[in-house]
Amino acid sequence: MSTLCKPSVSVPEHVITLADTLAFAEQAHAGKPQLGLALRLIRNTGVQKRHIVQPIADTLRHPGFEERNRIFEVESKRMLPPVIAEALANAELTAPDIDAIIFVSCTGFLMPSHTAWLINTMGFRYDTRQIPIAQLGCAAGGAAINRAQDFCTAYPGSNVLIVSCELCSLCYQPTDDAVGNLLSDGLFGDAVAAAVVRGSGGVGVRLERNAAYLIPDTESWISYAVRSTGFHFQLDRRVPGTMEPLAPVLSSLATAHGWDIANLDFYIIHAGGPRILGDLSKFLGVDDKMFRHSWSTLVEYGNIASAVVFDALRRLFEEQSMSPGATGVIAGFGPGITAEMAVGRWSVAGTPPVSTARVQSSHGQPNHGQPNHGRPNHSRPTHVQPNHVQPLETA
């Protein structure tokens, strides 16, 4: 079985507090009938501070979609390499050991994907599989974990790198008074994250089963209107109530695995907003404190979209409270309305990790052939055994 290792997470240096957000909202919506609603929505997010890639004054201006996407490319390429390097170190692997890269983002667009740039600049093999996920929004963190598990199941012994890059502040629309935009003004923050799913060995969550579910006929409830000014966030007022139909889906996943969803040891849940976390706690019959890591992410970073599950999991690792065999669930929610869910056990020991060396051709260049699964000339030298770890509002 594959193991989700400790994530690495980084947030930009610029900080905006709740007080800052309220002050800017009062300026931006002064004299408008939506002002009271905007202030109420922002106060109700539960977010105390967020991190953004530009100074506040620059964030509040709109230089155009083209310039914002250029900033997305520059800032993502600045922030990602150290986060990826740390995630690889957490998994006790190096770039040539990775067989697939899953890159997720809903806040900027590049073609080719960042995966091509990473392969060319960070030492990944040229036969590394590329799996970009661009349109699952906040659910993409859970989806990436599930697709990594699926890949490791299809290709035993493989290692998958997941990269999440969410620079939500680049989607700020200063003249949009729609309820979704008003909410996003005070909810979303910027972050990048990375984590490795190891096909064998590793310390972390041993992934055992995953599932996905789409609530029928809700595709318009969370969406982007793509306009000349970029991505305009749209939110249906019914979204906060989606945990009632999704809670039984989570319960069914656990039941199919022989577990009781209300009696697990850890819950890594997407922090879409306080209503999402509060309702899920109620409908699952789980004490609210079991969602403490998701709450901490929401309060300190805001909703960082697909990166939320990785930051919440990072906090669980750093708490050092899990014992071998502890059971848990990971869940992300987003547009669709889509839920991506997985269950697994905490693992602190496994088989010796395997590695894939970058294979050289007879001319000394990296091999551009097929992936190395089962190929006799692609040896996998054994590494040192990993150290043990001590024990919305919108989707």
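Which residues of H4 are buried? The structure is a predicted model, in which local features need pLDDT of at least 70 and side-chain atom pairs count only at pLDDT 80 or more, while totals for chains, interfaces and linings use all residues. Residues are numbered from 1 along each chain as its sequence is written, and side-chain values use heavy atoms, with hydrogens and water left out.

Helices (H or I, at least four residues) and strands (E, at least two) are DSSP runs, numbered from the N terminus. Helix H4 covers residues 65-90. Its buried residues (buried being under 20% relative accessible area, exposed over 50% and partly exposed in between, with a 1.4 Å probe and protein chains only) are Arg68, Asn69, Ile71, Phe72, Glu75, Ser76, Met79, Leu80, Val83, Ile84, Ala87 and Leu88. Contact is taken as heavy atoms within 4.5 Å, and the buried residues of H4 pack against strands S2 (8-10), S5 (100-104), S7 (159-167) and S8 (190-198), and against helices H3 (56-60) and H5 (114-121).

The length of H4 can be checked against its residue count. The expected span of a helix is 1.5 Å times one less than its number of residues.

Beyond the helix comes Glu92, in the loop between H4 and S5. The phi of Glu92 is near 55°, a positive value in a residue other than glycine, and Glu92 is partly exposed, with a relative accessible area of 27%. Gln320 likewise has a positive phi, of about 55°, although it is not a glycine. Gln320 sits in the loop between helix H11 (308-319) and S13 and, at 40% relative accessibility, counts as partly exposed. Two peptide bonds also deserve a look. The bond from Met111 to Pro112 is cis, with omega near 5°, and Pro112 is placed in the loop between S5 and H5. Gly336 and Ile337 are joined by a cis peptide bond with omega of about -10°; Ile337 lies in the loop between strands S13 (327-334) and S14 (338-347). For context, most residues other than glycine have a negative phi, and most peptide bonds are trans.

Aromatic rings come next. Rings of Phe, Tyr and Trp (its six-membered ring) pair if their centres lie within 6.5 Å, with planes under 30 degrees apart counted as stacked, over 60 as edge-to-face and the rest as tilted. By this rule the count comes to seven aromatic pairs. One of them is the edge-to-face pair of Phe65 and Phe231, at 5.3 Å centre to centre with 70° between the planes. Phe65 lies in helix H4 and Phe231 in strand S11 (residues 230-235), so this pair ties together parts that are 166 residues apart in sequence. Phe65 is partly exposed, at 29% relative accessible area, whereas Phe231 is buried, at 14%. Another edge-to-face pair joins Phe188 and Phe233, at 5.2 Å centre to centre and 75° between the planes. Here Phe188 is in the loop between helix H7 (179-187) and S8 and Phe233 is in strand S11, so the parts tied together are 45 residues apart in sequence. Phe188 counts as buried at 12% relative accessibility, and Phe233 counts as buried at 12%. Ring pairs also link Phe65, Tyr224 and Phe231 into a cluster.

His51, in strand S4 (residues 49-52), is buried, with a relative accessible area of 10%. His51 and Val15 are 36 residues apart in sequence, yet 4.5 Å apart in space, C-alpha to C-alpha. Not counting residues up to four places away in sequence, His51 touches Val11, Pro12, His14, Val15, Gly189, Asp190, Glu300 and Tyr301.

Finally, with a disulfide taken as a pair of cysteine sulfur atoms within 2.5 Å, the count comes to zero. The sulfur of Cys5 is 10.0 Å from the closest cysteine sulfur, in Cys152, too far for a bond. Cys5 is buried at 0% relative accessible area, and Cys152 is buried at 8%.
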